[in-house]
Amino acid sequence: MFPRLETERLVLREISKDDAEGIFACFSNKNVTQYYGQDTLENMEQAEAFVDFFANSYKENRGIRWGIEIKGAQGIIGTIGFNAWSPKHKRAEIGYEIHPNQWRKGYTLEALTKVIEYGFGEFGLTRIGAVVFTENEASNKLLDKVGFLKEGVLRDYMYQNGEAYDTYVYSLLKYNR
């Protein structure tokens, strides 16, 4: 059964077909995708394919992605979760995005803190990694704030709109927090 998580202001829940509109609202916004390594979505069919991708990733034990919903409101404002999950090596990479209308309200920090707690607890991880465009100041500051250690630079690691970008690689270890 897909785990449902709650914070003071948020519900982190399974993403369904009904969330394709929320997915599209995020991933069709160039401000969201500019540091994502993902082409900007152009139609709802692409958003529906994302929903399927997230569901299949969970079914195939490759990762888990929650929809971020504000308590008392309908629809998701973004997503958060683990990808590149390796149960054998007890590690995964975390990723997230949130619609610009909800930026700078503390929602991403709130969701990130809860998902990290879940990852080290229920998911049994000992290492959570993150890969972030060097130019993505907001995400770099957020990871630093929650205790991630910047391990280095991956040169020309991600492509966005046909152009290569450097990324930082981060980690947070269960026993070094």
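This is a predicted model: local features need pLDDT of at least 70, side-chain atom pairs count only at pLDDT 80 or more; totals for chains, interfaces and linings use all residues.

Let me start with Arg13, which is buried, with a relative accessible area of 15%, where buried means under 20% relative accessible area, exposed means over 50%, and partly exposed is in between, all with a 1.4 Å probe and protein chains only. Residues are numbered from 1 along each chain as its sequence is written, and side-chain values use heavy atoms, with hydrogens and water left out.

Which residues does Arg13 pair with? One is Asp19, whose side chain meets that of Arg13 in a salt bridge of 2.8 Å, N to O, a salt bridge being a side-chain nitrogen of Lys or Arg within 4 Å of a carboxyl oxygen of Asp or Glu. Asp19 is buried as well, with a relative accessible area of 4%. Arg13 also forms a salt bridge with Glu69, with the closest N and O atoms 3.1 Å apart. Arg13 lies in strand S2 (residues 10–14) and Glu69 in strand S3 (residues 64–70), so this pair ties together parts that are 56 residues apart in sequence; strands here are DSSP runs of E with at least two residues, helices are runs of H or I with at least four, and both are numbered from the N terminus.

Now turn to Lys17 and Asp52, whose side chains meet in a salt bridge of 2.7 Å, N to O. Because Lys17 lies in the loop between S2 and helix H1 (20–27) and Asp52 in helix H3 (residues 44–59), the pair ties together parts that are 35 residues apart in sequence. Lys17 is partly exposed, with a relative accessible area of 48%, and Asp52 is partly exposed too, at 35%. Elsewhere, salt bridges that share partners join Arg4, Glu6 and Lys71 into one network, and the structure holds ten salt bridges.

Finally, the pocket: a pocket is an open set of points on a 1 Å grid over the protein atoms alone, where a 1.4 Å probe fits, with protein on both sides within 12 Å along at least five of seven lines, and lining residues have an atom within 4 Å of a point. Of the 46 residues that line the largest pocket, the closest to its centre are Tyr36, Gly95, Tyr96, Glu97 and Ser139.
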